[in-house]
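Open the model in your viewer and keep the selection tool ready.

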Amino acid sequence: MAPDRPLRPATQSDVAREVGVSRTLVSFAFRGAPGVSAETKEAIFEAARRLGYRPNAVAADLARKHRSAVGLYLMDIRNEVYADILSGVRVALPQDGNRLILSVSRSVDGVDRGALESLIEARAGIIIAATLLDPDERVQELAQIVPLVSVTRPVPGVDSVYSDDVVGARAATEHLLTLGHRRIAHLAGPVYDGHTIRRRSYQQTMRDAGLKPQTLAAEDFTQEAGERATMLLLKQPEPPTAIFTHNDQLALGAREAAYSLGLSIPQDLSLVGYDNSRIAKLHGIDLTTVDLHAAVLGQRAGAIALERLGNPEGPIADERLTPELVVRNSTAPPPLQT
């Protein structure tokens, strides 16, 4: 029978007794500090595996007086674009290095102080935030408590990596104009700092074409909100022949609303989304959308976070990616009768 052991997690002291060395030497071995021979290190690691010892990363950070963990805040895990950002961040972080602590907003509109505070309480050395809806001032204050990388949204004075929404929204709107549409509506999200650029770019592009913009703000950024808002647009005396939405989720809601009213896409209504999420690429969906390169945003955010951990006083990063319009089967010229 195996010898009786305490019903508790193994500690560095247990490993030290097993090998016959000091606990300090065990600590040095797991921290990669000099002064431990290769033979002793191998014996320590073997004993740790045998005893089921796992290093306490938080305790190690406390001992080093250095926070190595990277916190990742996601606004909405139901939106596939955030899964792509997560994948990108994981690619950027070394597998045997920094811990990644994930926190997802629990609130409907994505403003969740608790989700952010949980990362601070977990002693994250830096937070990658995708996407914060707080005012710029609040984000700047938070960055004074713990370093922060803002993803998808530029925040002055804070490390940021984002896609150029002016370029992306203009490309989407010009695509519909080129097809011959004149009654083009924009289904926007709620108004938050840093999240009105697509709306304003659409409006300016419409004015430049000599047309009147029509913007409707959905209750939030979800498919359900998109469906409700699109119903209002399509029941007007002169409904739009095309809708450009703030994100793919809203576009999927617009699609459901159109079908429920007996309309066909793109024969009766053209749709353009934003994000190029995986569901937009599915056969039968084939959504024309703007690719903001979510995975690349995640990779760059992870790289910036590591650079900031290594150089806390370095210059502020401000990286702007160029989005790309991806044309699929949800857009076509407007119906002849209009």
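This is a predicted model: local features need pLDDT of at least 70, side-chain atom pairs count only at pLDDT 80 or more; totals for chains, interfaces and linings use all residues.

**Starting at a helix end**

Select V91, which is found in helix α5 (residues 80-92). Helices here are DSSP runs of H or I with at least four residues, strands are runs of E with at least two, and both are numbered from the N terminus. V91 is exposed, with a relative accessible area of 57%. Buried means under 20% relative accessible area, exposed means over 50%, and partly exposed is in between, with a 1.4 Å probe and protein chains only.

Residues are numbered from 1 along each chain as its sequence is written, and side-chain values use heavy atoms, with hydrogens and water left out.

**The whole chain**

Zoom out and colour by secondary structure: the protein has 12 helices and 12 strands. Of its 338 residues, 50% count as buried. Among contacts between residues at least 6 apart in sequence, 67% join residues at least 24 apart; contact means heavy atoms within 4.5 Å.

**Helix α6 and its buried side**

Next, select helix α6 (residues 113-121) and show the side chains of A115, L116 and L119, which are buried. They cover an arc of only 95° around the axis, so they sit on the same side of α6. That arc is taken from the directions from the helix axis to the C-beta atoms. What do the buried residues of α6 pack against? Show β1 (70-74), β2 (100-104), β3 (126-130) and α7 (136-145) to see their partners. Just after α6, pick R123, which takes a positive phi of about 60°.

**Two cis peptide bonds**

Step along to A130 and T131, which are joined by a cis peptide bond with omega of about 10°. T131 is in the loop between β3 and α7. For another cis peptide bond, jump to I265 and P266, where omega is about 10°. P266 lies in the loop between α11 (248-260) and β9 (270-272).

**α8 against α9**

Select helix α8 (residues 165-178) together with helix α9 (residues 197-208): they pack at an angle of about 40°, with their axes 8 Å apart. The axes are lines fitted to C-alpha atoms, for helices over the stretch in contact, and angles run from 0 to 180 degrees between N-to-C directions. That angle makes α8 oblique to α9. Angles under 35 degrees count as roughly parallel, over 145 as roughly antiparallel, 65 to 115 as roughly perpendicular, and the rest as oblique.

α8 passes α9 in a right-handed crossing. A crossing is right-handed if the near helix is turned clockwise from the far one by less than a right angle, and left-handed if anticlockwise. To see the contact, show D165, V166, A169, R170, T173, E174 and L177 of α8 with I197, R198, S201, Y202, T205 and M206 of α9. These residues divide into 6 nonpolar, 3 polar and 4 charged. Here Ala, Val, Leu, Ile, Met, Phe, Trp, Tyr, Cys and Pro count as nonpolar, Asp, Glu, Lys and Arg as charged, and the others, Gly among them, as polar.

**A glycine in a loop**

Is G189 buried or exposed? Select G189 in the loop between β6 (184-188) and α9; at 3% relative accessibility, it counts as buried. Leaving out residues up to four places away in sequence, G189 touches R199, A217, A218, F221, H246 and L250.

**α10 against α11**

A225 is also one of the α10 residues that meet α11. The axes of helix α10 (residues 223-234) and α11 come within 7 Å and cross at roughly 50°, which makes α10 oblique to α11. The crossing of α10 past α11 is right-handed. By class, their contact has 8 nonpolar, 6 polar and 2 charged residues.

**Last stop: two aspartates**

Finish in the loop between β9 and β10 (289-291) with D275, whose phi is near 140°, a positive value in a residue other than glycine. D275 counts as buried at 5% relative accessibility. D286 is found in the loop between β9 and β10, and its phi is near 45°, also positive. With a relative accessible area of 17%, D286 is buried.
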